[in-house]
Amino acid sequence: NEFIAGTLQNMIFVKEFRADQMLLAVVGGSSHEAVADAWNKIAARQQLKAAKARPIKLPEIKPTFTPGAHVWQKPVEQASLIIGFEGIGMGAKDRHVLACLDGILAAGMGSRLFQALRERQGLVYDVSSAHMPFKSAGMYMLEAGCNPERLERVLQGILGECRKMRDIPVPIAELKRVQDFLAGAYGLSLESPSNRLFRLAIS
């Protein structure tokens with residue numbers, strides 16, 4: 001209990017946070033009773049501060065996405081390309097669709113972008129993707145690293161694969177392969193305490 005209490009005190013209760021505005025998720029070899037006891041003791045010490053603080057009610061503002069290009073010059077040999085798209089929020093009904101789209105397009109060595117840009121044409125050092133979901137919005141990104149002289153070809157190659165995804169239905173066999181890959185990756189992720197913690201916190 002002392003270890004749990006000390007960890008919570010050091011990691012959570014700094015002046016920028018308040019107990020009544022937080023969600024606590026815990027995984028690992030601790031019991032619910034031990035965590036609740038440690039939390040209640042710390043929350044009690046913070047009660048006066050929380051009572052005096054004004055309630056925080058921030059308006060929910062969905063960000064707007066506008067097209068544009070930004071270039072940063074740096075003295076490095078490799079060019080880094082990031083293409084951003086409007087994503088979806090946590091818990092959105094289309095989150096599994098996006099996961100399949102990402103698996104087909106950019107996740108892993110079997111993805112379309114990896115095969116087209118690295119394996120067949122040798123244009124990139126690496127190509128990957130990332131999705132950052134928030135409460136009601138998100139950002140989906142495609143990333144690539146390449147020789148600066150190949151940047152335009154890489155950009156057109158990525159956009160070309162995106163157009164194929166938009167215009168041509170995905171073959172059933174390819175979709176099934178990606179679904180099996182995602183199911184396996186999900187099972188392996190359950191072995192990670194950090195992944196369990198994240199899933200618990202947002203569920």
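**View 1. β2 and β3 run antiparallel and are joined by 9 bridges.** This is a predicted model. A hairpin of 4 residues links β2 to β3. Across the pair, Asp126 stands opposite Gly145 in β3. β3 is mostly covered, with 7 of its 9 residues buried.

**View 2. β1 pairs with β3 through 8 bridges.** β3 spans residues 138–146, and the two strands run antiparallel. Leu81 has Ala144 of β3 as its bridge partner. Gly84 has Met141 of β3 as its bridge partner.

**View 3. The 3 strands form an open sheet in the order β1-β3-β2.** The pairing is antiparallel. Which strands lie at the edges? They are β1 (79–86) and β2 (124–133), and each of them pairs on one side only. Neighbouring strands of the sheet are turned by 15° against each other on average, direction ignored. Strands of a sheet pair through backbone hydrogen bonds, either parallel or antiparallel.

**View 4. α4 and α5 cross at roughly 150°.** Their axes come within 10 Å. The crossing of α4 and α5 is right-handed. On the α4 side, the contact is made by Arg112, Leu113, Ala116 and Leu117. On the α5 side, they meet Val154, Gly157, Ile158, Glu161, Lys164 and Met165. By class, the contact has 6 nonpolar, 1 polar and 3 charged residues.

View 5. The buried residues of α4 are Arg112, Leu113, Phe114, Ala116 and Leu117. Among them, Arg112, Leu113, Ala116 and Leu117 also meet α5. After α4 comes Gly122. The phi of Gly122 is positive, near 60°.

**View 6. Helix α3 (residues 95–105) packs on α5 at an angle of about 135°.** Their axes are 11 Å apart. The angle makes α3 oblique to α5. The crossing of α3 and α5 is right-handed. Leu101, Ile104 and Leu105 of α3 make the contact with Glu161, Cys162 and Met165 of α5. By class, this contact has 5 nonpolar, no polar and 1 charged residues. Glu161 and Met165 of α5 are also among the residues met by α4.

**View 7. α3 packs on α6 at an angle of about 105°.** Here the axes lie 9 Å apart. Two packed helices are described by the angle between their axes and the distance between the axes. How does the angle of about 105° class this pair? It makes α3 roughly perpendicular to α6. From α3, the contact takes in Ala99, Cys100, Gly103 and Ile104. From α6, it takes in Glu174, Leu175, Val178, Gln179 and Leu182. By class, there are 6 nonpolar, 2 polar and 1 charged residues in the contact.

**View 8. The buried residues of α3 are Leu98, Cys100, Asp102, Gly103, Ile104 and Leu105.** What covers them? The cover includes α4, β2, β3, α5 and α6. Cys100, Gly103 and Ile104 also take part in the contact with α6. Ile104 and Leu105 also take part in the contact with α5.

**View 9. The whole protein has 7 helices and 3 strands.** Along the sequence, the pattern reads α-α-β-α-α-β-β-α-α-α. How much of the protein is buried? Of its 203 residues, 25% count as buried. Among contacts with a separation of 6 or more, 67% come from residues 24 or more positions apart.

Methods. Residues are numbered from 1 along each chain as its sequence is written. This is a predicted model: local features need pLDDT of at least 70, side-chain atom pairs count only at pLDDT 80 or more; totals for chains, interfaces and linings use all residues. Side-chain values use heavy atoms; hydrogens and water are left out. Two strands pair if DSSP finds at least two bridges between them. Axes are lines fitted to C-alpha atoms, for helices over the stretch in contact, and angles run from 0 to 180 degrees between N-to-C directions. Angles under 35 degrees count as roughly parallel, over 145 as roughly antiparallel, 65 to 115 as roughly perpendicular and the rest as oblique. A crossing is left-handed if the near helix is turned anticlockwise from the far one by less than a right angle, and right-handed if clockwise. Contact means heavy atoms within 4.5 Å. Ala, Val, Leu, Ile, Met, Phe, Trp, Tyr, Cys and Pro count as nonpolar, Asp, Glu, Lys and Arg as charged, and the others, Gly among them, as polar. Buried means under 20% relative accessible area, exposed over 50%, partly exposed in between (1.4 Å probe, protein chains only).
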